[in-house]
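The sequence and structure come first.

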Amino acid sequence: MNNPKVFGLPMARAPAGNVQSGGRSGVRIVIAGDRGTGKSSLIVTAAADNFPVNVPPVLPPTRLPEDFCPDRVPTTIIDTSSRTEDSAKVAEELKRADAVVLTYACDQPHTLDRLSTFWLPKLRQLEVRVPVIVVGCKLDLRDENQQVSLEQVMSPIMQQFREIETCIECSAFKHIQIPEVFYYAQKAVLHPTGPLFDQETQTLKPRCVRALKRIFILCDHDKDGALSDAELNDFQVKCFNAPLQPSEIVGVKRVVQEKLPEGVNDRGLTLTGFLFLHALFIEKGRLETTWTVLRKFGYNNDIKLADELIPALGKRAPDQSVELTNEAIEFLRGIFELYDGDGDGALRPRDLEELFSTAPESPWNEFPYRDSAERNAMGGLSIDDFLSLWSLMTLLNPVYTIENLIYIGYSGDPASAVRLTRKRRLDRKKQQLDRSVLQCFVFGPKKAGKSSLLDAFLARSFSETYIPTTEERYAVNVVDQPGGTKKTLILREIPEDGVNKLLSGKESLAACDIALFVHDSSDESSWKKATDLLVEVASHGEDTGYEVPCLIVAAKDDLDSFPLAIQDSTRVSQDMGIEAPIPISTKLGDFNNVFRRIASAAEHPHLSIPETEAGRTRKHYHKLINRSLMFVSVGAAATIVGLAAYRVYLARKNSSS
C-alpha cells in the first residue's frame, strides 16, 4: 500500500504493533443503550458482514478479527441487556470497558433524549472514564421528512458531556458505516484525543506541547533551534520507518510557511512550525500520527515517560536513603549555568519554567517543594538552593528525580544519577556518616517556634503572626561545616498532632539522621511537652532499634525563661545523656550556630543518643544476662577441662599398674 498523504503532507504510514497501539494487547468495547436501538444487529453485522434476521436478546462476547482495523489490535465487543433487572451486570461490564458505544435509534427520537437524561449521567455516576462513541442505528428507517444535521443534533450534548469522542450514524440493514463505528471506538482507545487536544480552545494541551518540545530538542542534533532537512528525515525514519523524499520535505515546509511564516526559517523547521504541524494533524483527525511520534519517544497515554524507561532502584533497607551522584550534580551545575542567561548566579521563576518546559509539569510548583528552599528577592534560586531542591526530591522520591533528569536532557545512564547510602545502623557502628544529605525531624508543641526556625533556615524574616502548622513541612539548605565541607540539611517539621501518626510505624525513625526538640523557653508547659516528646521518640527508637541523635532547642531566648528552667534542662540533659538545650532567638536573629550544630551532631551518629529509664533498665538487664551466660560458659569449660584431666589421671594410673 502506498504511503498516505495527510492533507497535502506526505507522512509514512505508522508502524503496526506495540508502539503504535501504546502496548495494548486488546481493546474491550461495551455496547449499551435502550431496548430496540439495534445493539445486537450492529455487532453481528460487523462480525459476520451480514445483517441478521433473528438475533438473541444479548449476544455472547464477540471478537473482531485482527485485520478489522488498521492497528491490528484484537477487539472484543460486549453486548449488554436493556432489562432493568440486569442493570447491575451492565454496570460491571461498563466499568471494565476500554470504550463505550452508546446507541440510539434514528427512527425513535426519545432514545436519543435518553442518552443525555440517563445513559451519559449513568456513566458518570459509575465513574466510567473512557471514551464514549455515540452511534445512531437504523439510519435507513429515519423519516425522510425529519432529516436533520447530526452536528446540529449532537453539538449541545457534546458540549455538556466532553467524554463523547465521536458521533456517527449507521445502518446494519444497508451496511452503512458499520466498520467505521468500531474503527472510531478502537481509535479512541489507542489514539485518544483528550490528552493531546483541547476541543474547546482548539489548541494542543500543555503536556502535549511540553512532550513535543522535548522531542524537537532531541531531534535538533546541532542545537540551532531548527530541524534541517537531514534532521527532519532522521525524525521521519525513527518514527515511521521510511525516509522523506526531498520534494516531500519542501512540501511540508511550504504548508507550514503558508499558514505560519515563523514556522520555517533559513535553517529549517522551527519549534513553532513543528507544533503547528501536529496541531494540524489532530485537527484533521490524524491523531495516530502524533501518538506514533510520542510513543516512539517513550511516552504513555498520560503523556509521561513509560515506567519501563525509568530504572527501578531495587530493594533498599528502611534506614538507607538515596542521593544524587557526582555525575548528576555536575550535569545539574551545567544546566544551572545554561539557564542562568543573565549570569546573576540565580535562576528566576521564568528560568525554572523554561528549564522544566520539557517535563509534563514543573515538579517544584507543588508541595512539598514549592516553599522549601531559600529564594532571593526576585524569587530566584542560587546554585546551592537549586541543588538542595534536587537533593530533597531525591530523598523523598528518587524515581521522580530520575524521571525529571531525563526530561531536562540527562543523557547518561539514568541509574548512574543516584546512589544508595549505607544503612544508618552501620553508620553508628562505624561512628561516621556515609551521606552528604542529612534529614532532621523537628518536634515540638504548638507555638514552640518550629515554623520560625524553618523560616530562619531559609533566610526569611521573622513574623509575629502565629499560623499553626497542620501538615508536615520541609525546609532545605546547604550548611557550611568547619574545614570547608558542605552538607545539605533537610528540616522536616512534624506538627504536634501528627506525632502519634508518625510513630505508629515501626520504621518511622529509620530515615531520620537527627531529631530536634523545640520548646518556648519562657513557657514551662512548652518545656514539659517537649521533654515528653523527647522521651516518646527516644523510647520508640529503643524499641525498634532505630535510635537517633537528639538535640534540644530553647527558642524565644529574647523572653525571660520560666523559673527553674536551667535546673530542669540540666537534669533532663544529664539523665538522658544529651547536650544541654541550645538557646536561640529567631526574633533577634541570634541562632547560636544551631544549624551547623545540627549537622555536626548528625555527622556523629553514635553520640547524642538519648537513653530513657526503661532503656537503661533493659540495657542493664541484657548486660546481666550476657555476664551470666559468660560465667556459665566459663564454668562449663572448667568442668570439661576437669573431667578431661581426671580421665588422663585414671589412664596413667591404670597403665602404671
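Arg124 has a relative accessible area of 43% and is therefore partly exposed; that class lies between buried (under 20%) and exposed (over 50%), using a 1.4 Å probe and protein chains only. The model is predicted: local features need pLDDT of at least 70, side-chain atom pairs count only at pLDDT 80 or more, and totals for chains, interfaces and linings use all residues. Residues are numbered from 1 along each chain as its sequence is written, and side-chain values use heavy atoms, without hydrogens and water.

A salt bridge is a side-chain nitrogen of Lys or Arg within 4 Å of a carboxyl oxygen of Asp or Glu. The whole structure holds 37 salt bridges, including these:

| Pair | N to O distance |
|---|---|
| Arg83 and Glu85 | 3.5 Å |
| Arg83 and Asp86 | 3.0 Å |
| Glu163 and Arg124 | 2.9 Å |

Glu163 and Arg124 are 39 residues apart and link distant parts of the chain. Glu163 is partly exposed at 22%. Arg83 is partly exposed at 41% relative accessibility, whereas Glu85 is exposed at 58%.

A salt-bridge network links Arg422, Arg424, Asp427, Arg435 and Asp513. Among the residues lining the second largest cavity are Arg424, Asp427, Arg435 and Asp513. A cavity is a set of points on a 1 Å grid over the protein atoms alone where a 1.4 Å probe fits but cannot get out, and lining residues have an atom within 4 Å of a point. The volume of this second largest cavity is about 70 Å³, counted as the space filled by probe spheres set on the points, which are joined across faces, edges and corners.

Conventions
1 Å grid on protein atoms, 1.4 Å probe; cavity = no way out; pocket = protein on both sides within 12 Å on 5 of 7 lines; lining within 4 Å. Helix = DSSP H or I, 4+ residues; strand = E, 2+ residues; numbered from the N terminus.
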